[in-house]
Amino acid sequence: QVQLVESGGGLVQPGGSLRLSCAASGSIRSIYAMGWYRQAPGKQRERVASIATGGNTEYAVSVKGRFTISRDNAKNTMYLQMNSLKPEDTAVYYCNIDLKTYGGTRNDYWGQGTQVTVSS
């Protein structure tokens, strides 16, 4: 069994900052790519940022320069530091992790989602 637990969402004023965390636990043998996605009301889920096993990162154009993705492999945890937040960043944020279990199964796993609201 694998579980992803997200934390760190909330309400913040425009220009503010938040830090999201996603901790994976369970029968995890190896973690590969990790990523953050978001879905705003009435819109499709979009990828915000991703980080490869070696640390290479990619960002959506809309967040580049404002968001930073990172990972702590020892803790099976991923972070998203979000600075200079804008109202259009308001969405439910989901973490996604590509991993292999000790049972040999490799699959994508999703967190439960955390709400980020940017509003004055």
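Let's start at S84, which sits in the loop between β8 and β9; strands here are DSSP runs of E with at least two residues, numbered from the N terminus. This is a predicted model, so local features need pLDDT of at least 70 and side-chain atom pairs count only at pLDDT 80 or more, while totals for chains, interfaces and linings use all residues. Residues are numbered from 1 along each chain as its sequence is written, and side-chain values use heavy atoms, with hydrogens and water left out.

S84 is not a glycine, yet its phi is positive, at about 50 degrees. Most residues other than glycine have a negative phi. S84 is partly exposed, with a relative accessible area of 40% (buried means under 20%, exposed over 50%, partly exposed in between, using a 1.4 Å probe and protein chains only). N76 also has a positive phi, near 50 degrees. You will find N76 in the loop between β7 (67–72) and β8, partly exposed at 23%.

Now look at D89, in the loop between β8 (77–82) and β9 (91–101). D89 is buried, with a relative accessible area of 1%. Leaving out residues up to four places away in sequence, D89 touches R38, V63, R66, F67, S84, V116 and V118, where contact means heavy atoms within 4.5 Å.

Finally, follow β9 to C95. A disulfide (cysteine sulfur atoms within 2.5 Å) joins C22 to C95, with an S to S distance of 2.1 Å. C22 lies in strand β3 (residues 18–26) and C95 in strand β9, so the pair ties together parts that are 73 residues apart in sequence. The link is right-handed, with 55 degrees about the S-S bond. C22 is buried at 0%, and C95 is buried at 0%.

Methods:
Helix = DSSP H or I, 4+ residues; strand = E, 2+ residues; numbered from the N terminus.
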